[in-house]
Amino acid sequence: MASSLWSDRSVWRDVHLIDRRRIGLGAYLRAIREQSRDKDVVILNGALGFADRYCDILAALVLKWTRRPWVVLVDCTWEQRSRALEKRAPWLSWVMPVLSRTMVRLIDHDKVIYCVLSLSEREEFGDRWNVDASRVVFTPFCHTMYQDDQPLQRGDYVFAGGNSLRDYPLITKAFRGLGVELRMATSYREEALPDNILCRPLPHNVYMEELRGARHVVVPLEQSTRSAGQQTYLNAMLLEKLVIVNDVRGVRDYIDDGETGLIVDSTPQGFADAVRWAEAPENEAAVDRIRTRAAKVAGTRSSLEGYLSHLLAISRHLMASGTRGLRRLDGFVEGVHGAPD
C-alpha cells in the first residue's frame, strides 16, 4: 500500500508515503506514477481542492492512465460547485457543475473507491456522480487533536468557529439579546453585531486556545449535498465541551442527541433555547453527563488510529477479495469503530 496521507501513528507504519510536501505539482504526479508501480492500493485525499491544485484528483487520473492499482479516495466531501474557485472567477460558476462531473467521470473506473463522511452521502453519492454505488463507503471522520495533554478548561463564553458550510447569520440572530458571550473565529463578516458577539478570524494556535477555553461550542451548519463540521464538533467533544449543532446532513452519524451533544432545528430559536437550557443551574448535572459521555465517545470511536485502521481494513479487503468483496465494504464500520464501554 502507498498513500499521500502522512501519519506517525504506528498503524500506518507499513504504508509507503508518496510525499507531496516541498515539491511541485509536476514532480508530485511523477512520484505518484513511479512509486505506485509495485503497489496494490494507493490511498489519496479527495478533499484537497483549489488551494492544493486538486493534486490528488489529478493523481487519481495519473493512476488510471498507468497500471490501475486500487485507488481509495478518502474524504470525498464534494459539491458540484467550487466555492473557492467561484470567489476568484465568478464567471465560471455556471460551468462548475459540468466541470466537476466531468472530472469524476475522468478519474472513475472499476477500481476506485470513494469514501464519504456520512451515511446519507453514501446512499446518494452514486446517483449524484454517476458512479457504481458499491464502490462508495462510509468512513466516519476523526478528531484532530493528536498530541494534546493540556488540562481541560471551561470558561464563561460560547465558541463558534470554522468557515466550511457555516450559517453564521443563524447563530448571530440566536445570540442577540441572549445575555451570553459568543466568540466567533471565522472570516465571516456582519455589520452592527451586539456587544455580546465578537467575530474575527484567528490564527490556528489562537483558534485552538479559544476552543479549549469555551464553556459550550455551537456549530451552525448549512444544509448541503455534503456533510461538514465534523472536525470542529469532534474536537470540542474530546475537550468535554457541550456541543450544540443543528440537524443537517451527517450530524446524527456522530452525535447522539441528549447523550453526546444537543441537536437542534435550524432556527435561531432552536440554538437560543439550547443555550438557555445549558446555562440553567438546575441542568448542570445533565450537561456534565453529556460532556463526559461525549469525550469518551470522541476518544474511542473517533480516534485517528480508528480512522486509519478503517482505511487499512478497506485496502486489505480489496487486496484479498477484489471486486467480489465490494458489497461487504461497509461491514468495516462496526468492526473498526466499535461502541465505547
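Me: How far apart are the end C-alpha atoms of helix α11?
Reply: In this predicted model, the end C-alpha atoms of helix α11 (residues 304-321) are 26 Å apart. That agrees with expectation, because 18 residues at 1.5 Å a residue should span 26 Å.

Me: Which residues of α11 are buried?
Reply: Among them are Leu304, Gly306, Tyr307, Leu308, His310 and Leu311. Further along α11, Ala313, Ile314 and Leu318 are also buried.

Me: What follows α11?
Reply: Gly322 follows the helix, and its phi is positive, near 60°.

Me: Now the sheet. What is the order of its six strands?
Reply: The order is β9-β8-β7-β10-β11-β12, in an open sheet with parallel pairing.

Me: Which strands stand at the edges?
Reply: β9 (197-200) and β12 (262-264) do. Each has a single partner strand, so one side of each is left without a neighbour in the sheet. From one strand to the next, the twist averages 20°.

Me: How many bridges join β7 and β10?
Reply: Strand β7 (residues 158-161) pairs with strand β10 (residues 216-219) over two bridges, in the parallel sense. Val158 has His216 in β10 as its bridge partner.

Me: Is Cys55 buried or exposed?
Reply: Cys55 is buried, with a relative accessible area of 5%. Cys199 is buried as well, with a value of 18%, because the cut-off for buried is under 20%.

Notes:
Residues are numbered from 1 along each chain as its sequence is written. This is a predicted model: local features need pLDDT of at least 70, side-chain atom pairs count only at pLDDT 80 or more; totals for chains, interfaces and linings use all residues. Side-chain values use heavy atoms; hydrogens and water are left out. Buried means under 20% relative accessible area, exposed over 50%, partly exposed in between (1.4 Å probe, protein chains only). Two strands pair if DSSP finds at least two bridges between them. Helices (H or I, at least four residues) and strands (E, at least two) are DSSP runs, numbered from the N terminus. Axes are lines fitted to C-alpha atoms, for helices over the stretch in contact, and angles run from 0 to 180 degrees between N-to-C directions. The expected span of a helix is 1.5 Å times one less than its number of residues.
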